[in-house]
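Reader: I've got a model open on my screen and I'd like to talk it through. Could you take my questions one by one?

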Amino acid sequence: MTSRTSLLLACLLMSTVVPGVNAQQPAASTFAAPTSVLDLRRMQPISGDAKAGAGKAAVCAACHGAQGVAIAPNFPNLAGQSATYLYVQLKEFHDSQRTDPVMTGQATALSDDDMRDLASYYASLTPKPAGQADTSSRGAQLYLAGDPTQGIPPCQACHGPAGLGPQPHPSTAPQPPWATFPHLRGQSGLYLTKQLDDFKRGTRAGSSNAKVMHGVAQTLSDEDMQALASYLSSW
Amino acid sequence: MRVISLVYTALLSVMLGAGGILLSSHSAQAQQAAATNASTAAVEHGASSGLSQSDIAKMLPATDMGANAARQNNPHLPSVSDSLATPFDAASIPVNPLAPNADAIGAKTCVACHAQENLQASHSLHVASFRAGAANRGPQAACETCHGPGSDHAKQPTAPGSIIAFTHDAKTSPQEQAGVCLSCHAGGARQHWIGSIHQNRGLSCTDCHNPMARLSPEGVLAKSSIDEVCATCHQDIRAKFNRRSHMPLPEGQMACTDCHNPHGSITKPLLKTDTVNETCYSCHAEKRGPFLFEHAPVRANCLNCHDVHGSNQQTLLVAPIPMLCQQCHTMTLHPNDLQTPAGLGTGPHPDERLIGRGCLTCHTNIHGSNHPSGSKLHE
Amino acid sequence: MFALKGNRMTPTALTLGLLLALFGTREALAGDTSGTMRVGDMQFGNALDPRGWTPMLQPSDPDGMSYLHAGMLRTPTGALYPYPPMVDPGKPLGQGDWTYAGVLEFGYLHVGGDRNAEYFRQYADWRSGAVLGLLALDFENRKTGAYAEFRGDHLSGDDQFYRLRAGRYGSYRIEGFYRDMPHTVSTNAYPIWNGVGTTDLTLPARLVAGASTPAQVAAVSATVPRRTIGLNRTREGLSYEGVLYRDWIGSAAITNEKRTGTRLWGGSMFFNYPFPDNGGALETVRPVDFRTTDINLSVRNVGKIWHFLATYNGSFFRNHKDHLNFESPFALYNVAGTPQVADIKNGQSSLEPDNDYHNLRLDLSRELKWSGQLTLAGAWGTMRQNDALLPPTTCTGTGGVFIAPTADYTFPCANWNTTAALSQRSAHARIDTGLFDARVTFHPTPVFGWHAGLRWYREDNKTRYLSYNPLTGQYGFISENGSQGSIVPGETGIFDPNNPLYRSANIPVRNVPFSYTDSQLELGADWQLGRKTSLGVTYTYDQNQPKYRERKRVDDQRIKFDWVNRDVVGATVRLSWEYAKRDGGKYNYDPFVPFYSESLPGFVTPAIGLPAYTVADMRKYDLSNRTESKARVIVTYPWGDSATLSTTFYGNRDHYDALIGRQSTSTTGATVQWDWQPTPATTMNAYLGVEGSHMGISNINDADNSDNGNAYGRIGQANPHLGGPLYPYANQWWEFDRESNRNAGLSVSHAIGRARVDLSYNYTGSFGHVGYNYATIGALAYRDAAGVAAASSGFPDNKYRTNTLDLGLSFRVNSNVGVRLYGRYETGAFSDWHYAGLNNTLSYDHRLYTDKGGQLHYSVSVVGVMLSLKL
């Protein structure tokens, strides 16, 4: 009990400090890309044992909530997220292609099976209930239609019209690794803003997907990110 | 690391370009260097609504090729005679019949996701020339001048036919694909594309060309050389060039397109000239004559005796001498004997009609003689 | 390297400045070029790098073509696009908008083994020494689209190219090039003559023209040094393409080619085979000393509705050596009459005359409704030459045979060895051509289209020549420079209505101005059956009307079906089948009567008639009735996401309705190819091909002539019919040529870190067999016991086989410097019965050969080390 509380406190502290650090040295971090890049282009949907994952999720719940809905807005909600996406993120943390003061340490100890099980477990949970999003907001417009004048592509192409993942038509052409694209609906706005910012700056650049998002985020102003985040978090 | 910085470079240049467009078009040239700081201004400037097709059309990087006439006949497109850059001025955004309601979204939107494609395409001749044309006016339409308006694709990238596609799973028909290319690359060497065998067999321009990457330093080819492109389908013809006598194609001195125009011609085998013989005479001009004394099958068609893609006989002949000649020459006296190994150099009766050049030892001017005593092509 | 680069900056900048000043100010638009409209110069490369730019393609970009998906996309047909090379963004040049990028690859090659092997050197001048693999320099102005590119390579002074292109995208392009291309004809030649490469082949001191014995000739032939016979093409060109005025685009190109060297040639001093120790059949060497200048001009206008194109092609061929004189070592003797009246010892051959060619063509097309198009093309061309003619003979003194004062077949050479002996002093040769082509295409709906085409082409030979000697009043010529008439009495080549000895000589006295008119009508329709299937049917009617040929009209009707399906178990299948039937007017086996002396007044037909010109049942294969069917299937199968399997099956069957002549041809073949590119670092390709072909002919030995055991000129010689006295069934024979070809190849390229291995292996095996049947030994050229025994049922098999292994090992020292080790090992085997025995001797009685033919076996290796620099 005590250990869980102290961990939680540590997480909270760290997560508030780290953005601050980033903000103080933006120029330095812009090109501080990880040395290795995870090529997700051939990534297939994963399978794992959700039940086993439930047993391994105790530590995670400290931040991400017992039902995968985060306890604070700086943590992402995991419930109902794409299992493959979650697995890939754990793997990136594990291999230092994505870094986070807390998650890097947490993922280091996980085996590949652990990651698969945890990912499957969180994917099996019921997502956060839908809210009332303002469909006339700028965020909605960006998400659904983009903004050609600024070169912003619509997010729904990869994240799905409902924010619940992509819905590709079948094709024999080489396909993007659809399963590795996260669901965004109901995600924490604070978390989203930070991630978009990281993509834009190149601090989160450890995978082929991150390179795509880097290009996308480059087109987004801070206001655009806020607008998107508030739309998605309220959806 | 290197890749990352290239991506940055590419994006930076795109942003530079976008900044340039949204500032005034004429002063932009001078302000290019300063445009780095202009991106915020650009954001404010263009924040109102989506681009209409005509907005994009105004920013078109030009294509080429004399289709300017088309543009000038089109009241919707502005005149470009005052163009500062390469006047690639005729490309309009083609209508995609499979996505009739789609709107143009501009290249910047496209490359936001397609960064690596953008990097490769920017160094292919095709897109590089677009870029050059757009250096003063922005690169906005580089993607959509070929792929059609992109708004449907951007929303649902896998929706069938959402953009004009040129690859294997394309829902766009080969005719429509070719139509897009021909809207600029019309006439000239492609004047006879319609009705050519390649068109009839459903080939698309992108079966042989790939304008999206520099797979060949010249010719925007789909493989790394002309001959490799042709051999994709014509493997048997390529193999014939490995035979004993052949033209210097495997040695890199010739390409299929030295004789053939794959874009269509008025001859069945897609020859560049009016007849087979005229193609041959282009290099073998000495055989053109005319000679005082002609050899009928020679003048009629070189292919009567030569298999130009390769042969197991000397000098590309279709059959060994004397058999080749004895198909027609049954004349009384010496031509109609059955020659056998008895007449070889190793036989009991070495015979000049068989050894070495055989018939051609005496009828040496077989392509025609200009000698007053050469009526039998001896002299 | 950096120091070098620093030094280079100033001259390059200067060059660019010049180029810009010259061309950079054009304000117009122009297109992709008319290269695919002009014959030639599309490819610049060499045997070391057939592509001519391979070093520019490496290394591949490890990131591939997209971050969004793995692998590469495929062509609409289904073949994979290769992974793109790593982008070289170039380096800035000076302060402006110019950037440049370049590759320099040079090194040293060592050629070992049988480096003179004919088929190794055929079109490549491999030599030990320094080579320039590639120098490529690209300059580009990203703002204006102006560019300049240089490419060059150098395998040797005879095998190299340098090319400069410059222009502005969409505006204009200029190109200049210089190239040398080698062509080795034989590396195994032993000409006995002095003066090889000139117009006069003279015998070495040890031999006397017209007076040497075969033994003497053989002795000389056995000791002359080996020589290489071949030629070199040196070609330069300059071209411009760009806007002339508004929408008018023009192009102009001039190329000049010099061909110099030698080729094997013949030399006839009349038959040796019926006349042992007499006559002469010589394989000589001719000079090649050509210059061809080509001029191509075009102007085009591409509008929305109309497309207009006018082209002019002019070609001007000059042969600086228009004849070949050779000394024959062999003594001739007359087979009847007073011995040795004539002293004929020299031969002559004309070489190709100069010629001028002009062709003017207009192409016009117009878009029509229903997605239609009308295309019209019209062309007029002419080829002409008016070279001074050579005298009918070079002999001096007296030629011919003297039997008796009433049978004096001699002729004074002085009457014939001058151009005064000609009816005209120059050739006045001319062929005019005309073309009209019209095609209309409609696609009223996306699922149905039709087209119709009409093509008319005429070739009109206007050359008229009569062999008439105003000095003697005789018709005809001097056959084989006098040798024939000096061996066989009366076969001089002369017709003389006033001389009983010559008034029945049926000899060609006029040229035959072969001409033809070809008209084609084509009707076709195509249907789109669903989104992935299409079907086309085309009917073609082709009527050819040749002049002075055996038929006045030949009709060829052809129907062709083609079917394309883009999803047969995922594969694209293209299938075509065509069937054609050819027939025509009455077949006249001897249309040449008007061109022979038999048509001249005063000709006296012999009592037993003239010998038949040829057997009446022979059908020449370009005119005979024929049925043809052809089929081809091309399958392209996308195999997984990184491999492609493609195969071709093809065949044709032609049957000729001919008792004598070509009877059938057939070809059947298949190829399979597998391309695999799992990652940008690895590619692999495997290839197999087989093809078999067959050609069958029939012919018939005539029953006259001493070689058939009959005296020449007997009753019945005028009967042309198969089964008649001249052409008895017993003398018929059938021959076939059967060939099989096998090809296999494997190539692998794999990069590990900074190193890359390229390996490729290619095999070609071609085997030919000529066999025959004959009714009786009456068909044979030799019917003595030895001849019959040797006849058996066919010739020894011919063979051409090569195995080539290429190995490359490249290592990138850093991003600008690389080292490449290159090795090739090639073996070959060759046999061709034409050359059987020539390795032992080139001399057989009065026959003398020069070329021993390709090496029976060879193996050769090339190793090299190349330094590759990014500039």
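Reader: At what angle do helix 10 and helix 11 of chain A pack?

Author: First, a word on the model: it is predicted, so local features need pLDDT of at least 70, side-chain atom pairs count only at pLDDT 80 or more, and totals for chains, interfaces and linings use all residues. Residues are numbered from 1 along each chain as its sequence is written, while chains are lettered from A and ligands numbered from 1 in the order in which they are written. Helix 10 covers residues 189–201 and helix 11 covers residues 208–218, with axes 7 Å apart; helices (H or I, at least four residues) and strands (E, at least two) are DSSP runs numbered from the N terminus, and axes are lines fitted to C-alpha atoms, for helices over the stretch in contact, with angles from 0 to 180 degrees between N-to-C directions. The packing angle is about 95°.

Reader: What does that make helix 10 of chain A relative to helix 11 of chain A?

Author: Angles under 35 degrees count as roughly parallel, over 145 as roughly antiparallel, 65 to 115 as roughly perpendicular and the rest as oblique. The angle here is about 95°. So helix 10 of chain A is, relative to helix 11 of chain A, roughly perpendicular.

Reader: Which residues of helix 11 of chain A meet helix 10 of chain A?

Author: Contact here means C-beta atoms, placed from the backbone, within 7 Å. The residues of this contact split into 5 nonpolar, 2 polar and 1 charged; Ala, Val, Leu, Ile, Met, Phe, Trp, Tyr, Cys and Pro count as nonpolar, Asp, Glu, Lys and Arg as charged, and the others, Gly among them, as polar. Helix 10 of chain A brings Leu196(A), Phe199(A) and Lys200(A), and they meet Ala210(A), Met213(A), His214(A), Ala217(A) and Gln218(A).

Reader: Which helix of chain A gives the most to the side of domain 1 that touches domain 2?

Author: Chain A splits into domain 1 (2–8 + 24–124) and domain 2 (138–234), with bounds from an automatic or database domain assignment. Taken over C-alpha atoms, their centres are 19 Å apart, and 29 residues of domain 1 of chain A are in contact with 22 of domain 2 of chain A. Helix 2 (26–30) and helix 5 of chain A each supply at least two residues on the domain 1 side. The top giver, with 4 residues, is helix 5 of chain A.

Reader: Which residues have the most contacts inside the largest nonpolar core?

Author: A nonpolar core is a set of buried Ala, Val, Leu, Ile, Met, Phe, Trp, Tyr and Cys residues joined through C-beta atoms within 7 Å. Buried means 20 or more other C-beta atoms within 10 Å of a residue's own, exposed 12 or fewer, and partly exposed in between, with C-beta atoms placed from the backbone. The core has 118 residues, and those with the most contacts inside it are Leu86(A), Ala119(A) and Tyr122(A).

Reader: Which element supplies the largest share of the side of chain C that touches chain B?

Author: In this pairing, 194 residues of chain C are in contact with 150 residues of chain B. By class, the chain C side has 93 nonpolar, 65 polar and 36 charged residues. The largest share, 7 residues, comes from residues 429–445 of chain C, that is, strand 19.

Reader: How much of chain B counts as buried?

Author: Chain B has 18 helices and 0 strands. Among its contacts between residues at least 6 apart in sequence, 58% join residues at least 24 apart. Of its 379 residues, the buried share is 72%.

Reader: What is omega at the cis peptide bond joining Gly289(B) and Pro290(B)?

Author: Pro290(B) sits in the loop between helix 16 (276–283) and helix 17 (296–300) of chain B. For the cis bond from Gly289(B) to Pro290(B), omega is about 5°.

Reader: Is Phe270(C) buried or exposed?

Author: Phe270(C) lies in the loop between strand 9 (248–265) and strand 10 (281–282) of chain C. Its phi is positive, about 75°, although it is not a glycine. Because it has 29 C-beta neighbours inside 10 Å, Phe270(C) counts as buried.

Key
Contact = placed C-beta atoms within 7 Å.
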